[in-house]
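Please keep the sequence and the model in view while reading.

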There are 2 protein chains.
Amino acid sequence: MIFQTATFYIEWEDSAVPWLKIFTNEPYKELSLAPKEILDDLFRALLLIEREMIAYYKPAKINIASFGNYLPRLHFHIMARFEEDSHFPESMWGRKQREGGLKLPDKAYFEKRLIGALKSAFQDEPSAPASPQK
Amino acid sequence: MIFQTATFYIEWEDSAVPWLKIFTNEPYKELSLAPKEILDDLFRALLLIEREMIAYYKPAKINIASFGNYLPRLHFHIMARFEEDSHFPESMWGRKQREGGLKLPDKAYFEKRLIGALKSAFQDEPSAPASPQK
């Protein structure tokens, strides 16, 4: 786990392509069963991760998926895809196309940038509503 | 195409499982490149389709994906999955598991219900802001 808020957490998938997963802290079977506030956070985090991946890795395409057929618990996959990766243009769940020969920039530095952006977006918000008289 | 608003349209994918696709009218390469108002509509439509599929088909799981590696144009796939479908528990892009033997309720009736729900959600909204004195 690389980041967590009150509503969701983010972790890496072990893969040659940059691949992150967002889980809600509270388990829900389906997207539409999660409360609106949690969905809003989830979509914001999804867009933020996508933007950071695009800025850093300059991928051919971002791929997003939410399946959960093995473990029916809401989560999103966000993957940066490259023409020379193992499966492109198939999905990462499709048929392998080649031995991947990706040369990508430093993952640790990406993670540091991403966590900084997530903190700005999710932790610099006003916290619990203060008394209006204060 | 079964439904269209000012920002997106919906069409069927030809498949044995209930499988719909949402495209933005205006093409964007990536999700995060679409304007916020369009994303809001897209997410609302995604959730509405998911809820309607769950209510009507009672699937084992809803699957959602946005790839676009062949044609880099933002769109979402929403699929209702069943334990006896051709690929379950693999994704529909994964390895086929069996000959599918799905017995599903009437698709035309689902489409009618769905269009009704979409119209309520997207076409009964107040149109252009009226003069506040009216």
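**Exercise 1.** Find the bridge partner of A65(A) in β4(B), then describe how the strands on either side are paired.

*Solution.* The partner of A65(A) in β4(B) is A65(B), where strands are DSSP runs of E with at least two residues and helices are runs of H or I with at least four, numbered from the N terminus. This is a predicted model, in which local features need pLDDT of at least 70 and side-chain atom pairs count only at pLDDT 80 or more, while totals for chains, interfaces and linings use all residues. Residues are numbered from 1 along each chain as its sequence is written, and chains are lettered from A and ligands numbered from 1 in the order in which they are written.

Strand β4 of chain A (residues 61-66) and β4(B) pair in the antiparallel sense over three bridges, pairing being assigned if DSSP finds at least two bridges between two strands. Within this arrangement, I64(B) of β4(B) stands opposite S66(A). Inside chain B, β4(B) is also joined by five bridges to the antiparallel strand β5 (residues 75-81), in which H77(B) is the bridge partner of A65(B).

**Exercise 2.** Decide why strand β4 of chain B is described as largely enclosed by the rest of the structure.

*Solution.* A residue is buried if 20 or more other C-beta atoms, placed from the backbone, lie within 10 Å of its own, exposed if 12 or fewer, and partly exposed in between. Five of the six residues of β4(B), residues 61-66, are buried, so the strand is largely enclosed by the rest of the structure.

**Exercise 3.** Work out how the buried residues of α1(B) are arranged around the helix axis, and what they pack against.

*Solution.* The buried residues of α1(B) include I38(B), L42(B), I49(B) and M53(B). Seen down the axis, the buried residues fall within an arc of 170° (taken from the directions from the axis to the C-beta atoms), so they line one face of the helix. On the other side of α1(B), K36(B), E37(B) and A55(B) are exposed. The buried residues pack against β2 (8-12), β3 (19-24), β4, β5 and α2 (107-122) of chain B, contact requiring C-beta atoms within 7 Å.

**Exercise 4.** State how many residues each chain gives to the contact, and which elements of chain A take part.

*Solution.* Chain A gives 25 residues and chain B gives 25 residues. On the side of chain A that touches chain B, the elements giving two or more residues are α1 (36-57) and β4, and β4(A) supplies the largest share, six residues.

Definitions and conventions: Two residues are in contact if their C-beta atoms, placed from the backbone, lie within 7 Å.
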